[in-house]
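Please look at the model first.

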Amino acid sequence: MRYAILSHRWEDDAEVAYEEMIGFMKMDELKKKEVRDRSGYTKIIKCCEQAMKDDYEWLWIDTCCIDKRSSAELSEAINSMYRWYQDAQVCYAYLNDVTESTFPTERDSRTYHKSHGWPEWFMRGWTLQELIAPKRLEFFNKDWAPIGNKQHLAPLLEVITEIPRNVLTDGPVGKRLSVAQVMSWAAERKTTRVEDRAYSLMGLFEVNMPMVYGEGKKAFQRLQLEIIRRSSDHSIFAW
């Protein structure tokens with residue numbers, strides 16, 4: 001199946017959930033208007049328009065394609081997430097805080113004061129795997145204008161993320177990467193839920209484990225144990 005996939009930074013109280021999407025036609029007009037007025041709804045529409053323009057029949061967006069009311073579905077989705085981004089024909093990376101018509105080429109601490117001088121997308125936990133996994137990744141600014149792709153921007157992306165450009169362009173398979181090196185890429189990134197710091201790294205380390213939201217920092221300890229079971233790389237003990 002050929003499909004596109006979205007990578008983006010979630011906005012508080014602005015996203016459209018799965019149950020809202022499937023129940024949209026049954027909503028009263030007041031509720032429909034409230035949903036349509038959200039930036040997350042506009043993001044879905046614009047992303048769909050881009051996918052149609054690129055001749056994709058299918059598009060996957062995490063906010064509205066996972067039924068988070070089902071713990072089984074949520075767990076399956078999180079354990080499969082890296083593969084879904086890897087298998088997509090294209091990933092659209094939406095940088096909602098970039099207002100310029102070009103990709104920022106220099107650190108700008110005034111514009112991006114919350115994220116070390118770069119778009120906030122680069123500081124989120126989940127977007128690490130969403131940057132590395134896709135073969136083709138296209139960046140878009142706030143207005144959904146294209147501002148570059150991963151292949152051409154690889155030298156700059158290496159500066160921003162400290163991820164080697166050959167990993168960015170070709171993926172991590174076959175590279176001699178230590179556990180500590182991969183962990184370092186995620187060290188400064190933030191997640192809304194404490195557990196997601198661990199869950200967002202499972203795909204990069206090729207491990208699977210059940211989701212237990214509420215376990216807090218124990219999630220990272222479980223991740224370390226799963227990595228130790230699969231690897232003899234002692235650099236993990238640096239974390």
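How do the residues of the lining of the largest pocket divide into nonpolar, polar and charged? There are 8 nonpolar, 5 polar and 13 charged residues, where Ala, Val, Leu, Ile, Met, Phe, Trp, Tyr, Cys and Pro count as nonpolar, Asp, Glu, Lys and Arg as charged, and the others, Gly among them, as polar.

The model is predicted, so local features need pLDDT of at least 70 and side-chain atom pairs count only at pLDDT 80 or more, while totals for chains, interfaces and linings use all residues. Residues are numbered from 1 along each chain as its sequence is written, and side-chain values use heavy atoms, with hydrogens and water left out.

**Pockets**

A pocket is an open set of points on a 1 Å grid over the protein atoms alone, where a 1.4 Å probe fits, with protein on both sides within 12 Å along at least five of seven lines; lining residues have an atom within 4 Å of a point. Grid points are joined across faces, edges and corners, and a volume is the space filled by probe spheres set on the points.

| Pocket | Volume | Lining |
|---|---|---|
| Largest | about 780 Å³ | 26 residues |

Nearest the centre of the largest pocket lie Trp10, Trp126, Thr192, Arg193 and Asp196. Both α5 (71-87) and α6 (127-132) supply at least two residues of its lining, and α5 gives the most, with 3 residues. Helices are DSSP runs of H or I with at least four residues, and strands are runs of E with at least two, numbered from the N terminus.

The lining of the second largest pocket has 14 nonpolar, 8 polar and 5 charged residues. Here too α5 gives the most, with 5 residues.

Helix α5 has 17 residues and reaches 24 Å from its first C-alpha to its last, close to the 24 Å expected; the expected span is 1.5 Å times one less than the number of residues. A kink of about 55° in α5 is centred on Ser80, the bend being the angle between axes fitted to the seven residues ending there and the seven starting there. Ser80 is also one of the buried residues of α5, which include Leu74, Ile78 and Tyr85; buried means under 20% relative accessible area, with a 1.4 Å probe and protein chains only.

Helix α7 (residues 150-161) spans only 12 Å between its end C-alpha atoms, whereas a straight helix of 12 residues would span 16 Å. Its buried residues include Lys150, Leu153 and Leu157.

How values were computed. Buried < 20%, exposed > 50% of the residue type's maximum accessible area, 1.4 Å probe, protein only.
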